[in-house]
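Colleague: Please take a close look at one part of this model, the place where the two chains meet, and then follow one of the chains further in.

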2 protein chains.
Amino acid sequence: MAKKSQQEFVQHITPRDEDFSQWYTDVVRLADLMDYTPVRGCMAIKPYGYGIWELIQKEMDAAFKRTGHQNVSMPMLIPESLLLKEADHVEGFAPEVAWVTQGGTEPLTERLAIRPTSETIFCTMYAKWVQSWRDLPLLYNQWCSVMRWEKTTRPFLRTSEFLWQEGHTVHATAEEAQEETMRMLEVYRDFCENVLAVPVYCGQKSEKEKFAGAQATYSVEAMMQDGKALQSGTSHNFGTNFTEPFEVKFLDKDGAQKYAYETSWGTSTRFIGALIMTHGDERGLKLPPKVAPVQVVVVPVAAHKEGVLEGAKAVADRLTEAGLRVKLDDRDNVTPGWKFNEWELKGVPLRLEIGPRDLENRQAMCVRRDTFEKTPVPLDEIVESVKATLCAIQKNLYEIARAFRDARTKDVFTMEELEEQVNGGYARAMWCGERACEDEIKERFGATSRNMPFDQTPIAETCVCCSKPAKKLIYFAKAY
Amino acid sequence: MAKKSQQEFVQHITPRDEDFSQWYTDVVRLADLMDYTPVRGCMAIKPYGYGIWELIQKEMDAAFKRTGHQNVSMPMLIPESLLLKEADHVEGFAPEVAWVTQGGTEPLTERLAIRPTSETIFCTMYAKWVQSWRDLPLLYNQWCSVMRWEKTTRPFLRTSEFLWQEGHTVHATAEEAQEETMRMLEVYRDFCENVLAVPVYCGQKSEKEKFAGAQATYSVEAMMQDGKALQSGTSHNFGTNFTEPFEVKFLDKDGAQKYAYETSWGTSTRFIGALIMTHGDERGLKLPPKVAPVQVVVVPVAAHKEGVLEGAKAVADRLTEAGLRVKLDDRDNVTPGWKFNEWELKGVPLRLEIGPRDLENRQAMCVRRDTFEKTPVPLDEIVESVKATLCAIQKNLYEIARAFRDARTKDVFTMEELEEQVNGGYARAMWCGERACEDEIKERFGATSRNMPFDQTPIAETCVCCSKPAKKLIYFAKAY
């Protein structure tokens, strides 16, 4: 039965190298992260998927608070007139807005957008809340959902409604706004690398790829196992682009009325997509311990034998008391083999098998999800050992992803090299800075510029595309 | 300056007995809990107000998890056809739904409701997720916002959009569903009384007042300081009212296909309104320590004198390290008197004043927000003393509210007594069970039935209204 179960699971997951996209869909579905709903492009996030999101929220919210931010809640509806105030912004977002036109039985005199993002409503309120330099900075964030009417959707990667956080801040000077923009980019980098174990490239977006209405957009870009880029977080400096039309003004120390400088930054449930496509394998999900809803699963083997269930429960209890997230799988209607496969599919970092002989030997068999390494661990040392192994798994997942990413990133100097490289990786190239070259690369190879790293040491003198003098070092890749 | 500031604050708050409603609005605004927005009936919840909500969420979410519930996320949009499936439900909610009719540039073929509540979408998904008795129960909750197109709105009490949690569960038997309904009512009671320090009456709603589509609705009802009722949480047993039209069926142990039994239960940012109107006074908000974003404010007095600021900071740091939520108010542009008033207005439970003489005497002056009692506390004992005082404040706030509530609740036997009693309190009366009597009481006195307590020991034999034989003991009150 154990063997049969194993096959049953495995045969449902399409191999990664056969069809990566189908592999992703299979894992999402079989790991029970979400389900499709009758609402176009909107997901139901199931407990296991939401559990990952709760851990992401908890870690990230703490990082926001450490950096002086506070949470607020703004209305989900935005009157059309507010959206229209910043020209680039409305042009960027209008095509994908869901409009409320009727409230109860009465048609509305003005359409209301379900927020696609909240710069306009934040600036409307900031205009009321900011009077003097003493009111600045305002460092606010909200956790909510936003709606963008997407034509083609994929679970966690691109959905019409998605959960996210959006930080919106206003400052007295351009310098402070730029510092904030960089600070939050660094919060995102640190979070991706040290919590999600997802290495990222940090840098500035091109004019073409920046946020609608921003002066400058910075991003953290991850690489999935098919070599495609996943933009995982963005941090925007708006300068006074919004604060001028929205009249967010303050009386400065020098007695002059000035416009405030604004930033915003956001990340979303896309992170869950990043986790799956960075770490997953043929057996399913592989979760970094820091965001695993279950860090350790304890599976009794030959549970009908005397003392086994009690022994397994005692171990689970000790680990739970030590602050770990533990699941004792004491189901009696599936075999241990079935359980092993199911928890591997769900990406649980560590499995402890406890059978009669283990109990005799005062040990548990400890199996790592990342390496499948199997080690007997004395019960006396179980808490320390499990904690150390979880740390090792967290580190190993990052290192594997980092090595993969680095191996799949290459400097390119010709269009031929670029074409080959973006077929499964990032191309680092020199660029003239003109949109025409980005457009050509997009059209010919389906790749887009990702971002310009902060270290701009040139690797060549001419643009990879047009051969004119190069101005910028930049990454190109196909992207989600 | 201190005196002037004090007056400035005080003169902005309308006295409670002059105009309770205006007092409420003043406190909400001056304590900086929220602001009005250009979106009809929708609030911006500011950091201090949202900080209270975060603490409410944290405590309540832990209670949900302790009772075996898991969080999920469902779409915010619900197709009209789903809303139409349960007749009473759509009749109850259709008049207050905000409708999305356009997505991007295309008109929708079917209108989408912004969820007013999510029974219909949960049941749609449960129909997919429930196959066998082994899948039951499903005990899910979500934290989100909902939209009800209200005609008249008041901050935190009745707004078009509000933040809430909604639990939705399905069970194999009617008994289990009823147990769950009662379990969550008890979670709400415990939370109101032991976290918010708000005493509540628990009981069953009348047929007239029950939730649209429910078989039975239970509520926790609080009493505000104007004697009016605030329904603070509801727990519904739906039986199979929704699971039948939505076909939530399962194969039971006996091999038969059966409909699952469903419950739902919800509470909202209304809790913040309950806190204000239960505990507040002429100086503003008065927060129970368990949900106070700032539990202790440390105010240096004569902060320019050597060592004062450092001394105050050292105390604040020690309290923070001890796990308390502490604010050191080291602003140099307002006087200590101004600060005292501001933090009283914001309802901070405890204030520590630290001046040069206090430091000489190795003490801090400790001032309680609930009693204004002023006690010197030796710095050596400050952590234990502050913790003990916060416990005492939590307890005292509950006891005061409880005594007020009990004093304003009376048994009534005639319509004259009822009329007098609902002018500032709860009337406990016998009732024939007929809607006509509820309608008459509503029409004549503006009072509604609140709920029927579980202890149904009769206090008379005939209905307070029609004098026919009484069937139920029930509370009447004017309500928010």
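Modeller: Strand E5 (residues 98–103) of chain A pairs with E5(B) in the antiparallel sense over five bridges; pairing requires that DSSP finds at least two bridges between two strands. Within this pair, A:Ala98 is opposite B:Gly103 in E5(B). The model is predicted: local features need pLDDT of at least 70, side-chain atom pairs count only at pLDDT 80 or more, and totals for chains, interfaces and linings use all residues. Residues are numbered from 1 along each chain as its sequence is written, while chains are lettered from A and ligands numbered from 1 in the order in which they are written. Strands (E, at least two residues) and helices (H or I, at least four) are DSSP runs, numbered from the N terminus.

The contact (C-beta atoms, placed from the backbone, within 7 Å) involves 43 residues of chain A and 43 residues of chain B. On the chain B side, strand E5 (residues 98–103) gives the largest share, six residues. That side has 26 nonpolar, eleven polar and six charged residues; Ala, Val, Leu, Ile, Met, Phe, Trp, Tyr, Cys and Pro count as nonpolar, Asp, Glu, Lys and Arg as charged, and the others, Gly among them, as polar.

Further along chain B, six of the six residues of strand E21 (residues 426–431) are buried, that is, 20 or more other C-beta atoms, placed from the backbone, lie within 10 Å of their own. E21(B) runs antiparallel to strand E24 (residues 472–477) of chain B, joined by five bridges, with B:Trp431 opposite B:Lys472.

Notes. Two residues are in contact if their C-beta atoms, placed from the backbone, lie within 7 Å. A residue is buried if 20 or more other C-beta atoms lie within 10 Å of its own, exposed if 12 or fewer, and partly exposed in between; C-beta atoms are placed from the backbone.
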